[in-house]
Amino acid sequence: MTQPDFESAHRYAFERLKQELSPNLFYHDLRHTFEDVLPAVTRFATMANISPEDTLLVRTAAVFHDTGFLVQSNGHEAISVQIANAILPKFGYTNEQIKHIDAIIMATQLPQSPQDFLGQIICDADLDVLGRDDFFPVNLNLKKELETMGNTTINLLDWYKGQRHFLQTHTYFTDVAKELRNERKATNIEGLSQRIAELE
């Protein structure tokens, strides 16, 4: 069986997102997919020592997981699946592979609901930033995106309280993500508490 052409699929998604994404997406931008989620997925896959086939599937899902934003933000995961279904056969992916990629993409819908280990990997990669040093600037980009898309203003104190609750109730699925990110995530929760105390 011939190997799917990941590089061409990657190039297709990259070019479409680069050309067509709304400039109002300050969080779900090109960088989120190709500098955050894809590298995190690759790192977790390597650390977990999964097979080359599974690595290919989860990396492809990472590349396509937010292409639905080309159409709309609400329910973008299902639209991402439609885009993947339409294009991936042209790059040599089988129906069975595409079906699995679909399930991996859908796992990222909040609340996250991974069906298998590959779904767990992409869920952890999608929220990798919760346990990173750059959490606060990236998190404020999300606030700015929601404000711009919703044509509204979100109170900063309310935002930080909501984000603290999200981080406190969030759990990484995979051991590799827990090992890499839990310590810094706890620090970020403390940082949110400090900011809340300053604003109250």
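Reader: How much space lies in the largest cavity, and what makes it a cavity and not a pocket?

Author: In this predicted model, about 30 Å³ of space lies in the largest cavity. The word cavity is used because a 1.4 Å probe fits there but cannot get out, whereas a pocket is an open set of points. By this rule the count comes to 1 cavity of 30 Å³ or more.

Reader: Which residues line the largest cavity, and which elements give two or more of them?

Author: The lining is made by Tyr-27, His-32, Asp-36, Val-37, Ala-125, Asp-126, Asp-128, Val-129 and Arg-132. Two or more of these residues come from each of helix H2 (30–48) and helix H6, and H2 gives the largest share, with 3 residues. Sorted by class, the lining has 4 nonpolar, 1 polar and 4 charged residues.

Reader: How much space lies in the largest pocket, and which residues are the closest to its centre?

Author: The largest pocket holds about 620 Å³ of space. It is lined by 27 residues, and the closest to its centre are Tyr-27, His-28, His-76, Leu-110 and Leu-142. The elements that give two or more residues to this lining are helix H4 (76–87), helix H7 (135–150) and helix H8 (156–169), and the largest share, 6 residues, comes from H7. In terms of class, 12 lining residues are nonpolar, 11 are polar and 4 are charged.

Reader: How do you know that the side chains of His-76 and Asp-66 are joined by a polar contact?

Author: The contact between these two side chains is 3.2 Å, and the cut-off for a pair of N or O atoms is 3.5 Å, so the value falls within the limit. Leaving aside neighbours within four places in sequence, His-76 is in contact with His-65, Asp-66, Gly-68 and Phe-69.

Reader: What makes Asn-49 and Asn-151 exposed?

Author: Asn-49, in the loop between H2 and helix H3 (52–64), has 67% relative accessibility, while Asn-151, in the loop between H7 and H8, has a relative accessible area of 74%. Exposed means over 50%, so both residues are called exposed.

Reader: What is said about the phi of Asn-49 and of Asn-151?

Author: Asn-49 has a positive phi of about 60° although it is not a glycine, and Asn-151, also not a glycine, has a positive phi of about 50°. Such cases are pointed out because most residues other than glycine have a negative phi.

Reader: Which residues are joined by a cis peptide bond?

Author: The cis bond joins Leu-110 and Pro-111, with omega at about -5°, and Pro-111 lies in the loop between helix H5 (95–106) and H6. Both Leu-110 and Pro-111 are among the residues that line the second largest pocket, in which about 160 Å³ of space lies.

Terms used
Residues are numbered from 1 along each chain as its sequence is written. This is a predicted model: local features need pLDDT of at least 70, side-chain atom pairs count only at pLDDT 80 or more; totals for chains, interfaces and linings use all residues. Side-chain values use heavy atoms; hydrogens and water are left out. On a 1 Å grid over the protein atoms alone, a cavity is a set of points where a 1.4 Å probe fits but cannot get out, and a pocket is an open set with protein on both sides within 12 Å along at least five of seven lines; lining residues have an atom within 4 Å of a point. Grid points are joined across faces, edges and corners, and a volume is the space filled by probe spheres set on the points. Helices (H or I, at least four residues) and strands (E, at least two) are DSSP runs, numbered from the N terminus. Ala, Val, Leu, Ile, Met, Phe, Trp, Tyr, Cys and Pro count as nonpolar, Asp, Glu, Lys and Arg as charged, and the others, Gly among them, as polar. A polar contact is a pair of N or O atoms within 3.5 Å; within protein, one must be able to donate a hydrogen and the other to accept it, and residues adjacent in sequence count only if both atoms are side-chain atoms. Contact means heavy atoms within 4.5 Å. Buried means under 20% relative accessible area, exposed over 50%, partly exposed in between (1.4 Å probe, protein chains only).
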